[in-house]
Amino acid sequence: MGVLKTLWSKLKQAILALKPGRVTLGYPFTPREPEEGFRGLPRVDVNRCIGCGGCAEVCPARCIRVVDTDQTTRVLCFLHERCTFCGRCAEVCPVNAIEMTKEFELSTDDPHEDLVGEYHIWMGPCERCGRCFEAPSALDRLKRTGMRCDEIDAKCAIACPAGVEADSEETKS
Amino acid sequence: MTLQSYLPTIGIALGQMLLVLLVAPLLEGMIRKLRAVIQSRKGPPIWQPYLDLMKLLAKEDLRVCASPIVTWGPPVMLAAILVAAGIMPMGGAVPASEVADLVVFIGLLALANLTLAGMGFSTGSAFSSLGASREVMIMLAAEPVLFISLLVLAMQSGSLTFAGMLEAPFNIAAVAAAITYLLALQMYVAKVPFDITEAETELIGGPLSELSGPRLALTHWAIFAKQFIYSSLFIQLFLPWTMTVIPWLGLAIVANVVLVLVLDLLVVGVAMSVNPRLRLDQALRYGMTLAGIAAVALIYSAAL
Amino acid sequence: MIRDWLIKKILPRALWIYHVNCGACNGCDIEVLDTLTPYYDAERFGIRLVGSPRHADALVLCGPMTRQTAPAVRRAYEAVPDPKVVFAIGSCATGGGMWHDTYNVLGGADQVLPVDFYVPGCPPRPEAILHGVATALGLTTKEVKAMRAIQEGSDVEIEDLPEEQWLVQEQD
Amino acid sequence: MDVTAQQSAQLLFGALAAGTILGALLSRWPRLCGAICALSVAAATAGAGWLGAIVYGSAMPVDLTLPGTVFVGLHLTKLNIVFVWLVLGLGLLATIYSVRYIEHAAEHAPAAPVLRYYPVLMILLGSMAAVVCLPDLLHFFIAWSIMSLSGLALILHEYHKPEVLAAGIKFAIFTLVGNAAIFIAIMLLRNASGSFSFAAAQSTMAQMLVAQPWLAHTIFGLFALGFLTKLGIYPMGDWLPDAHPAAPSPVSALLSGVMIKLAAYDVAHMSFELMAGGGAGSGSLMAWGMVLATMGALSVLLGGSAAAANNDTKRLLAYSSVSQSGYILMCLGVSIGFALVDPRLAALAFVAAIVFVIADGVHKSLLFLTAGSILHTTGTRDLVQLGGLGQRMPSTTLAAIVGGLSLGGIPLTAGFVGKWLLFQATLQGAAQQPLLAVYLLVVVIGAILSMAYALKYVGAAYLGAPASPRCCEAAEEVPASMRLPQVALALGAVLGGLWPLVLVGPALSAWEAIAPFAPPVTGVGGGMLLIGDPQIGTLVGGFVPPVIFALIVLSGLLVWGLSRIAGVPTRVVPSWQSGLDLPLAHTRLPASGWYWPFTPVLRSVYREIRLPFLSRLSEAPAEQEAAEATEAERPAVQRAASAFSLIDGGE
Amino acid sequence: MTAEQVTQGLRERIGDALLESEPRGDRRVYMTIDPAEVVAAADELFNKMGGRYVITAATDRREKHGSFLVTHFFSFDDDDLYVILHANVPEDDPRIASITPTIPGAGWAEREMQDLLGVEAVGHPDPRRLVLPDDWPTGVFPLRTDFSSQDKPEASMEGAPQMTAIPEGAVVVPIGPYFPTQHEPESFAVFVDGEVVVGSDYRGFYNHRGIEKLGSSDLTYNQIPFIAERICGICGFVHSCAYCMAVEEAAGIEVPRRADYIRTIFLELERLHSHMLWTGVAGHIIGYDTLFMQTWRMREPLMWLAEQLSGNRKTYGMNIVGGVRRDVDKKDFPKIEKVLADIEREWTALQEAVPGDRTLTARLGNVGVITPEEVRELCSLGPVARGSGDTVDIRVDHPYAAYDELEVSKCVEDGCDTLARTFVRLRETPVAISIIRQCLEQMPEGEIRAEITEEIPPGLQGIAAVEAPRGESFHWVLTGEENRPERWRVRAPTYSNLQAVSTMINGDVLADVPIDIGSLDPCYSCTDRMTVIDRRSGQMRVMTREEMRNSRNR
């Protein structure tokens with residue numbers, strides 16, 4: 001009797017399992033976009049970037065390097081191989097130069113070559129100092145060295161070509 | 001009879017062996033497909049086991065010890081199972097009836113089991129030794145059911161040869177034997193819930209855990225072949241009428257293969273999809289209960 | 001000869017995987033498992049998760065290589081029969097992730113083993129893992145490549161950038 | 001012709017007598033002494049061979065007198081000559097094996113001098129050869145007693161060890177009781193017939209079965225009690241598992257391989273010639289047959305379980321002897337039961353019994369010798385301590401594997417032929433006597449148990465990794481004179497399996513000799529075993545080992561070729577331990593852990609008869625009790641401590 | 001027990017050794033005691049008053065205070081009270097009496113203290129190395145402030161774990177570091193006689209990544225939520241949430257109510273996916289792959305939903321100190337409702353099928369037994385405790401986020417075995433669904449993130465406990481200078497539960513061990529965590545372009 005009961009319960013389970021039918025997606029042969037709002041690979045609009053380095057400052061994985069190769073060139077180097085795609089860089093960017101794209105097909109056989117974003121920023125007389133970034137909250141405030149951070153010049157805010165005067169003025173004291 | 005007169009028998013047996021060798025992986029492939037269907041997914045192609053085996057034949061052969069049992073175990077295991085396949089009835093015909101009977105058949109399968117267990121004990125790893133120990137224990141639970149339920153037929157027909165057993169009358173004892181055989185089929189083929197020997201998630205493959213490359217391929221092949229043999233034997237011995245209605249032997253063999261596929265899908269495939277693996281003691285209790293039922297059937301049929 | 005053919009033609013269609021966590025947070029491991037489940041069903045390609053490295057063709061590494069796991073991972077690598085492929089899944093296995101500089105982490109998986117394929121992501125979506133495996137198997141092609149850009153106004157070409165030594169402010 | 005037979009008998013017993021004397025004289029030089037004794041046994045074996053040829057050449061049994069006497073007659077039939085061969089063939093191999101084994105043992109234990117070994121061994125062989133041939137019951141009893149006494153002396157060879165002494169005393173007590181039963185039976189017969197002659201006993205028994213059936217059955221019962229004691233049938237054969245391990249290994253081989261088999265001869269002899277030949281009704285024969293077979297079946301199960309649960313090489317083998325004796329007795333019981341009802345079936349069962357006797361003689365001796373080799377080289381019998389000897393002693397291992405396969409009853413070995421015949425016999429019998437269906441179940445379970453214990457012996461000792469480096473790393477292959485007997489026996493086991501005629505042929509002749517009233521019906525030719533059923537005119541069982549062998553070789557080559565098709569390289573790697581690097585001794589499953597959850601069940605099945613005064617003498621049972629006690633406590637202790645067992649234990 | 005009663009009781013027991021007692025609201029009481037009386041105090045709190053031991057933390061405060069701070073945390077669940085017991089251990093004699101003999105569940109925490117800070121627990125029954133790798137040099141303590149976050153002692157990849165004595169006749173079955181049912185590296189050496197477990201030894205912390213060091217050296221307050229989230233890939237949100245709440249409590253930041261609700265939604269989404277994941281994995285462990293496939297199929301839409309709501313399937317990246325980063329929009333509600341409805345429908349069918357399945361119940365019943373007494377002694381949590389009749393559920397007992405306004409029913413079973421733990425998880429799943437529905441209904445409009453204008457002053461403390469799918473996740477933050485915590489201590493629920501494994505598996509059969517361990521829903525990466533935060537050196541160095549591109553490790 002018990003055996004029959006077991007068999008019946010097993011049969012029911014099989015039927016239950018058959019109900020949804022085959023759900024397997026066609027990926028990778030048919031493309032499949034991530035959901036709206038997905039945070040993929042960050043890309044920098046190099047022409048908008050003002051080289052403030054705020055992204056490097058807040059990055060939890062510390063995968064963004066800011067290097068000044070000479071007095072007029074600042075290089076932002078994104079080491080995507082250890083990027084966690086948290087989107088903090090895009091969040092804090094004062095000029096919205098960073099976009100979290102939907103790219104997720106990042107597999108590669110050579111991450112050190114392929115998973116790099118290297119952005120050479122032309123630093124004009126003002127922006128090279130990077131002072132136009134102001135942290136969104138007191139907790140994010142720059143406390144560390146690691147950025148070239150000259151004395152803050154109030155005039156900069158007015159002259160800023162990136163159009164962040166209002167932001168800068170508000171948060172600056 | 002001289003030994004030369006057995007040459008045709010040897011030829012037919014070799015033919016059956018080849019058939020089982022080639023068809024057995026298909027059986028596994030179909031089962032995997034069925035499992036995928038029950039699991040709501042597409043699953044691998046049905047010829048996947050062939051690809052697996054071919055791939056394994058090209059992989060490096062890692063050895064943990066130089067024991068001849070480990071070196072020769074897999075070929076011996078597969079050979080023993082193939083010979084068992086060669087002497088069993090196929091398509092309603094038993095060419096090798098006088099060459100080997102049921103006792104030899106069981107002995108050959110036991111040789112395969114013992115070889116597997118021996119291989120497990122040889123490596124010195126806890127997983128494979130425990131797996132080997134379990135293999136013997138499962139044998140202790142499963143073989144009596146298998147043997148006794150087949151002996152019921154032998155008892156009814158008074159003969160231990162397969163040719164004689166095909167003639168066995170179909171009565172209540174035979175039905176009981178058939179049911180116990182069917183209920184224990186999962187145990188013989190060592191699939192979930194009775195894949196206790198290999199138990200990937202407990203013993204990382206048991207006796208197979210130290211095998212790689214061609215030796216793993218042969219062992220897998222032997223397991224697939226065993227699956228075919230046990231299912232085929234059920235069709236042949238307990239449902240012989242399915243074969244006798246087919247006039248032509250070639251067709252009967254095809255029908256045999258098809259019926260084995262159907263049986264395996266319905267019983268093995270479904271059962272392995274909806275059950276968790278049992279613990280060794282639970283499996284043993286199950287096996288011994290079935291053995292007890294089969295024993296009653298045997299004694300009843302002896303008293304008939 | 002036969003072996004070469006088998007390795008080239010058959011192996012990619014029957015890739016058995018052994019999963020090795022070198023210190024991951026679980027995220028990647030779960031996503032690796034997820035690729036086996038009905039929606040993604042890696043078994044379509046003959047991929048199977050196996051219990052013993054002896055049966056494996058591919059090692060799937062997740063997580064940053066911690067000091068404690070490194071010897072065990074190396075043993076697992078030794079235990080896999082040739083030919084073998086090593087995948088590094090997730091940002092940690094690719095480049096050490098957030099932990100790349102802590103005292104107990106050696107870095108990415110390639111600090112200890114030769115890695116053949118990397119799938120970054122934190123964790124990578126199951127699709128990304130499938131894509132990585134499919135790329136390795138030759139079913140799809142690599143999508144990502146390095147981004148180099150120079151702001152307008154600069155008169156330097158990337159190729160022209162000198163191989164001089166840069167003054168780097170130590171970040172971390 | 002008589003002269004020649006007499007001469008060969010003279011050679012047989014003369015050589016053994018010479019061996020006894022020379023062995024005693026030369027005991028100062030162990031190796032020389034052993035070699036001389038081996039030579040004399042070889043000469044005796046030649047005599048036996050010659051004698052056998054003569055017996056087989058004549059249609060009638062051969063009668064002669066025991067050399068050196070004028071009144072002690074020898075009666076040689078095709079049945080007992082098989083046993084004479086077994087005694088001397090295995091005796092020869094055991095003696096050859098002894099040369100280096102005893103030398104080594106004597107060096108390590110001066111308390112067990114060679115003087116107490118070879119002469120006694122020669123006497124044992126002589127008495128065993130004589131026991132089966134003596135037609136006079138008194139002479140028989142004297143030879144039987146000499147055999148028992150010399151056996152006791154050899155068991156007590158190392159009596160300075162308490163467990164050996166205890167085992168010897170246990171053997172003595174059991175044998176005393178058994179022999180007393182035989183003696184009383186002989187005296188009762190003598191009382192009735194007025195003569196010790198077997199022929200007279202036969203006719204008296206025939207009358208008595210009609211006139212005083214209860215007395216006749218008492219006499220037979222007493223005989224059975226005595227012989228079953230010797231045969232090692234549970235419970236009266238409980239001395240066996242203690243005594244066999246206690247004796248030096250070549251002696252264990254002889255005790256297990258030969259001596260207890262002589263009791264099988266006597267059971268067969270007494271039953272057929274006193275009861276069946278004497279004209280007992282088929283009903284009482286069937287009753288006796290079933291009693292004997294039931295006791296046999298019981299022994300099969302008990303011995304098999306105890307063997308599968310044991311962790312001592314020689315003790316495991318000794319228990320397996322209990323089990324195999326059970327098989328023999330089962331066969332004999334069926335044979336006796338059906339002797340008058342269905343002679344064809346009786347013949348089948350009888351043949352099975354004789355095949356079992358020969359096959360078990362061969363593989364059991366072989367396995368005891370390999371166990372002796374282990375003891376010789378590692379100094380231990382404990383399977384828990386052993387392991388991984390395969391790489392250090394390849395020849396012994398190969399021999400042990402063959403022996404194990406035969407013991408386990410795997411096709412193409414001698415052991416399988418016996419099981420095959422037994423299956424045929426029980427199946428046929430079950431159609432007539434449903435009780436035999438139960439025996440069929442016993443045979444099935446016994447067969448699987450035999451595989452389990454054979455695998456345990458071979459697997460735990462030779463395969464895997466060494467558990468205790470102390471024991472196994474110093475192990476080395478034994479000298480050639482010890483390897484030779486092992487290889488010879490292994491070849492014998494394979495030959496018997498591949499060409500069953502060498503086993504079945506003598507057994508059939510023996511059947512003809514012992515049961516002239518029954519026609520032979522089993523057909524055997526060449527390498528084939530075929531059993532036909534005259535009633536339905538078809539084959540009911542068939543086995544052609546050469547064909548199976550050919551098939552295995554062919555398919556083996558096929559799959560081997562398949563596995564080499566890609567020509568893969570090999571690499572030696574350490575075993576996979578989940579990424580850890582544990583010492584092999586830790587991850588090796590000790591023999592005590594095999595076959596869970598059956599081991600505890602199996603262990604409890606066989607209830608050893610404990611003689612209270614002996615357990616005080618012997619340390620071993622005390623240890624065992626202590627071990628059991630701790631085992632019972634262990635889970636409780638663990639659980640109590642487990643609140644923090646991760647942490648306690650410390651460093 | 002109120003804060004006053006606790007203080008009173010403790011004062012009676014240890015008298016003047018209670019140096020200071022400072023209740024903060026009704027829910028916290030901070031005490032400082034003389035280290036000599038720590039065992040007596042622990043005994044009083046644990047055994048007499050019936051408190052639950054939470055964790056021990058040690059902090060290197062030698063620079064400022066010249067001492068190590070050893071802190072034991074206790075909880076009174078019925079009264080929503082946490083008791084924090086500080087003891088200052090002098091720097092020249094870093095030793096304190098071990099409370100492990102009194103509270104077995106403290107064993108690991110004290111070993112960890114010895115490993116990482118070199119504060120010796122005197123009288124510890126098993127002072128073996130716990131956390132650091134086998135090849136770690138002795139006498140180097142990574143959580144001390146003089147150990148720079150830049151330091152990496154040379155790895156030799158040698159050295160083997162010390163194993164406890166192996167019982168006679170037992171075989172060591174290494175369950176891990178790499179074992180198919182454990183998807184994380186950790187090693188249970190199970191001692192097996194036949195197949196019966198007669199003992200075990202655990203070597204974990206393979207996943208030790210140094211999180212606590214990162215969290216008190218390199219990272220700032222707002223970087224830590226992301227690293228906290230990566231303590232665990234399954235219940236990461238729990239950790240980031242608990243961290244943020246601890247900082248918020250320390251700094252007195254008022255989080256907008258809407259943010260609380262959003263956190264609650266994600267916490268429950270996480271519980272949902274975690275329990276479904278567990279059910280599948282449990283099925284996989286016992287060889288029931290269909291269960292695995294089907295539950296994970298049910299779970300997948302949840303992952304897509306999470307991706308849509310947060311931008312990632314698992315590491316949501318939602319939390320930040322002061323609130324959350326993304327709003328849950330009204331237009332997403334129907335989608336959430338639909339996913340929940342689908343799951344609820346299928347889950348109900350599953351929930352009905354499991355108790356009637358004889359093979360499943362036979363496999364899960366009566367194995368991995370842990371009695372209520374053992375639960376209390378070993379301080380087990382979550383479904384492990386609730387499967388043994390303990391009613392602790394932080395959501396109800398110590399409400400946080402929006403739970404004080406929601407109806408949460410506790411799921412308690414008293415089978416004490418693996419089956420009971422399974423039932424707890426099966427029943428908690430619909431509860432989680434109902435909580436999310438309540439959140440969607442009751443969620444107020446408003447800001448999602450508090451404006452933080454002030455820097456957080458050093459020396460403040462905050463604790464937060466969150467009911468993770470596995471039990472109580474406990475975070476303690478001691479604020480420091482330079483915009484980063486001085487000490488951040490994490491106690492994942494598995495940390496307590498894992499210590500119960502040896503008790504659970506003893507006497508079971510080897511075949512049950514994987515599912516016994518699995519029934520904890522163990523999360524080794526949580527347990528092995530450890531990040532600490534450290535100052536950057538700010539040094540300059542020269543590297544080539546190639547080097548810069550290839551540099552990964554520093």
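**Exercise 1.** How many helices and strands does the secondary structure of chain C hold? Describe also the order of these elements and the burial of the chain's residues.

*Solution.* The model is a predicted one.
Step 1: Chain C has 5 helices and 9 strands.
Step 2: Read from the N terminus, its elements follow the order α-β-α-β-β-β-α-β-α-β-β-α-β-β.
Step 3: Chain C has 172 residues, and 74% of them count as buried.
Step 4: Among contacts in chain C with a separation of 6 or more, 78% are between residues 24 or more positions apart.

**Exercise 2.** Determine which residues make the nonpolar surface patch of about 350 Å², and locate V254(B).

*Solution.* 
Step 1: The patch consists of V254(B), V258(B), V262(B) and L266(B).
Step 2: V254(B) lies in helix α11 of chain B, which covers residues 249-273.
Step 3: Patch residues need over 30% relative accessible area. V254(B) has 48% and is partly exposed.

**Exercise 3.** Classify the packing of helices α14 and α16 of chain D.

*Solution.* 
Step 1: α14 (residues 394-408) and α16 (residues 435-462) of chain D have axes 8 Å apart, at an angle of about 170°.
Step 2: Angles over 145 degrees count as roughly antiparallel; α14(D) and α16(D) are therefore roughly antiparallel to each other.
Step 3: The residues of α14(D) that meet α16(D) include T396(D), A400(D), G404(D) and L407(D). On the α16(D) side, the residues include A447(D), M451(D), A454(D) and Y457(D).

Terms used: Residues are numbered from 1 along each chain as its sequence is written. Chains are lettered from A and ligands numbered from 1 in the order in which they are written. This is a predicted model: local features need pLDDT of at least 70, side-chain atom pairs count only at pLDDT 80 or more; totals for chains, interfaces and linings use all residues. Side-chain values use heavy atoms; hydrogens and water are left out. Helices (H or I, at least four residues) and strands (E, at least two) are DSSP runs, numbered from the N terminus. Buried means under 20% relative accessible area, exposed over 50%, partly exposed in between (1.4 Å probe, protein chains only). Contact means heavy atoms within 4.5 Å. Patches are made of residues with over 30% relative accessible area and no salt bridge: like charges are joined within 9 Å, nonpolar side chains (Val, Leu, Ile, Met, Phe, Trp, Tyr) within 5 Å. Accessible areas come from the Shrake-Rupley method with a 1.4 Å probe; for residues, only the protein chains shown count as cover. A salt bridge is a side-chain nitrogen of Lys or Arg within 4 Å of a carboxyl oxygen of Asp or Glu. Axes are lines fitted to C-alpha atoms, for helices over the stretch in contact, and angles run from 0 to 180 degrees between N-to-C directions. Angles under 35 degrees count as roughly parallel, over 145 as roughly antiparallel, 65 to 115 as roughly perpendicular and the rest as oblique.
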